Amino acid sequence: MFQTIRTIRLALKSLMLHKLRSGLTMLGIVFGVFSVIAMLAIGEGASAQAQKQVLELGATNIIVTSVKPPQGAKKDDASTRVLSYGLLRSDYDLLTSNIPTITKGIPIREIAQEFRYLDNTIHGRLAGCTTDYLEVNHLEMTRGRFLTESDQKYMMNVAVIASEIAESLFQYNDPVGKSIQFNGDYYKIIGVTRRRTASAAIGGSLSGQDYNKDVYIPLKTFQVRIGDLIFQRQTGSFSAEEVELNQITLQVRNKDDVIPTADVIRETLGQTHGDKQDYAVVVPLELLKQADQLRLIFNVVLGSIAAISLIVGGIGIMNIMLATVTERTREIGIRRALGARQRDIIVQFLIETIVLSGTGGVIGVLMGLMTPYTFIGIKLFVDKFILNKSKGVSEVGRIFTEMEPQVAYWSLPLAFGISVGIGILFGIYPARSAAKMDPIEALRHE
Amino acid sequence: MKLAADLKNIQKHYDLGAVIVKALRGVTVEFPEGDFVAIMGASGSGKSTLLNLLGGLDRPTYGEYILGGHDVSQLTDDELSRIRNQMIGFIFQSYNLIPQYTVIENIEVPLHYRPGYPAISSKDRNRCIDLATKVGLADRLDHRPYQLSGGQQQRVAIARAMVNDPEIILADEPTGNLDSATEEEIMQLLEGLNNEGRTIIMVTHENLVARRTKRQIYMKDGLIAGEGIFPG
């Protein structure tokens with residue numbers, strides 16, 4: 001024990017003799033450790049975001065969507081010009097009334113639509129839905145109110161618009177109370193929703209959703225005013241689609257019921273739809289598990305890339321230690337003559353290397369802890385000096401804004417441990433070559 | 001009379017591949033306790049090789065070397081290290097102090113490698129200070145080697161050689177790099193140590209230095225050519 005403390009002190013003394021050299025050598029390890037922690041932090045941040053997105057869909061939710069069947073399937077059937085597919089209102093009734101674990105169901109019908117106010121127009125999504133839509137999709141109101149049961153019941157011509165629709169159609173005017181026109185009818189605006197970050201697409205099963213260009217109307221109003229049949233005019237031809245519901249969001253009592261309920265839903269719909277694959281069942285809880293797996297892969301890949309720089313740092317240390325051993329050949333000879341065993345020499349140089357890499361590791365860990373702040377710094381720098389002349393949201397700025405690194409605390413001891421391990425690994429050879437020297441030769445060395 | 005070191009038919013061969021160099025070809029010599037010997041001879045005569053063997057820095061190819069009652073000719077590397085630490089004190093021509101250490105730290109170095117690695121106690125520290133005082137460096141304890149003159153550095157080396165209370169002090173041309181006034185100081189120090197009963201074996205090729213020892217051994221071609229004052 002005393003010996004170790006003594007040797008560490010000795011190592012510090014020798015390293016302090018060449019401050020610049022030791023510092024530069026350490027830098028290799030510092031950046032290696034820092035990049036391991038930073039890379040893992042970026043991975044952790046990305047996966048946290050993915051998890052947040054999945055959780056926004058709701059861990060107790062099951063989402064059933066309509067899927068347009070492949071075109072080729074019905075091509076020979078010339079009589080049916082109207083493509084009819086998707087979830088039916090009867091599906092909705094069947095699911096919500098027959099499965100006891102389902103507490104809530106929100107049927108949604110949506111189409112792309114052009115909205116008009118005076119001379120202003122904008123393209124967006126028109127969604128027929130029910131009162132619960134607000135809560136389930138984590139939407140908030142900035143003005144007015146959302147759709148109510150009575151709007152639904154009396155098939156009111158009312159609409160709730162999203163922030164971007166409000167901005168582009170009404171600019172600085174208060175939209176509440178005014179009327180928005182689409183599909184030949186006027187709808188009275190009763191509320192505006194707050195801006196919400198768009199949800200990203202998850203796998204191939206659920207497409208991304210931009211909530212800021214939406215107009216919400218009562219589902220019954222949708223059925224009566226717009227109907228199930230939608231015509232699409234294209235040059236030379238026209239086609240029609242008949243869809244009753246685009247999506248049904250089902251809420252389950254608790255987490256444990258999600259997977260079995262999803263199985264029941266698949267089975268139920270399998271019976272009513274037969275072999276028509278015109279629907280999909282998306283379970284956010286399953287996606288959450290996939291996201292966890294993805295995160296693991298992500299972390300391993302990023303971590304190993306960063307580990308390469310640690311190895312480079314280790315080679316730097318080995319290089320310097322070899323030079324040091326040559327330079328101090330005479331000192332080694334003196335120590336051997338005065339009674340140092342080979343082991344003592346190995347320990348001496350090994351501890352010197354470990355002190356070097358360990359100190360580098362500590363500095364690297366401290367820098368790693370600063371990763372989120374470093375990112376804010378980069379963000380500010382990019383915004384201020386590189387993009388100050390260009391207007392609007394820059395792509396680079398956006399990338400940095402969306403990246404939110406979170407330091408994974410388990411990565412700190414890991415990175416530190418690796419740096420010390422690298423010190424041992426790359427220190428062993430120089431230390432052994434020092435110990436193996438013939439003391440007589442070493443003493444004669446100039 | 002007790003022998004400090006006893007060499008019987010020591011041979012040392014160096015295998016250089018094409019040829020085998022016989023540096024020592026059968027040296028038999030006894031060093032009684034309290035002896036003060038000068039080993040002399042031309043370069044290449046084998047005197048340095050002999051000193052290295054005496055100091056346990058190397059093992060003889062053939063022969064028997066008894067040091068303080070133990071046969072050290074067949075010991076392992078670790079055991080030789082222990083012998084060097086406990087029974088031998090080295091003094092070199094070029095002092096061989098560790099440059100980053102102060103005077104007191106240099107004197108302490110052999111203490112770091114004592115068997116069992118005990119911590120350096122205040123008693124050890126006081127012994128080092130006493131030794132430094134004895135060689136006249138009491139006011140230089142915190143100086144580093146480059147701040148000292150050659151004579152002062154050699155005195156640090158003498159204090160260092162004494163710190164583990166060795167059986168034998170081996171000196172390899174201890175005054176070779178010094179002027180005659182400093183040489184005189186160093187020789188007085190060594191004579192003082194010998195008067196205390198310490199065995200000193202010294203390699204030199206200066207007659208004036210050799211004359212002050214009790215006994216001279218003249219070496220030639222890896223053999224002992226004669227004893228007594230050269231030319232005698």
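In this predicted model, helix H2 (residues 19–57) of chain A packs against helix H9 (residues 284–327) of chain A at an angle of about 180°, and their axes lie 8 Å apart. An angle over 145 degrees counts as roughly antiparallel, and H2(A) and H9(A) are therefore roughly antiparallel to each other. The residues that make up the contact of H2(A) with H9(A) comprise 21 nonpolar, 14 polar and 5 charged.

**Salt bridges**

Side chains of opposite charge can pair when their charged atoms come close. Over all chains, the count comes to 36 salt bridges.

| Pair | N to O separation |
|---|---|
| A:Glu352 and A:Arg328 | 2.8 Å |
| B:Lys134 and B:Glu196 | 2.9 Å |
| B:Arg215 and B:Glu227 | 3.2 Å |

In chain A, the salt bridge between A:Glu352 and A:Arg328 links distant parts of the chain, 24 residues apart. A:Glu352 belongs to helix H11 (residues 342–369) of chain A, while A:Arg328 sits in the loop between H9 and helix H10 (329–337) of chain A. Buried means under 20% relative accessible area. A:Glu352, at 1% relative accessibility, therefore counts as buried, and A:Arg328 is buried as well, with a relative accessible area of 10%. The two residues also belong to a network of salt bridges that links A:Arg328, A:Glu331, A:Arg335 and A:Glu352.

In chain B, the side chains of B:Lys134 and B:Glu196 meet in a salt bridge. B:Lys134 lies in helix H4 (residues 122–134) of chain B and B:Glu196 in the loop between helix H6 (180–195) and strand S8 (199–203) of chain B, so this pair ties together parts that are 62 residues apart in sequence. B:Lys134 counts as partly exposed, at 44% relative accessibility. B:Glu196 counts as partly exposed too, at 47% relative accessibility.

A further salt bridge in chain B joins B:Arg215 to B:Glu227. B:Arg215 is in strand S9 (residues 215–220) of chain B and B:Glu227 is in strand S10 (residues 223–227) of chain B, so the pair ties together parts that are 12 residues apart in sequence. With a relative accessible area of 18%, B:Arg215 is buried.

Key. Residues numbered from 1 in each chain as written. Chains lettered and ligands numbered in written order. Predicted model: local features only at pLDDT ≥ 70, side-chain atom pairs only at ≥ 80, totals over all residues. Heavy atoms only, no water. Axes fitted to C-alpha atoms, helices over the stretch in contact; angles between N-to-C directions. Helix = DSSP H or I, 4+ residues; strand = E, 2+ residues; numbered from the N terminus. Parallel < 35°, antiparallel > 145°, perpendicular 65-115°, else oblique. Nonpolar A, V, L, I, M, F, W, Y, C, P; charged D, E, K, R; others polar. Salt bridge = Lys/Arg side-chain N within 4 Å of Asp/Glu carboxyl O. Buried < 20%, exposed > 50% of the residue type's maximum accessible area, 1.4 Å probe, protein only.
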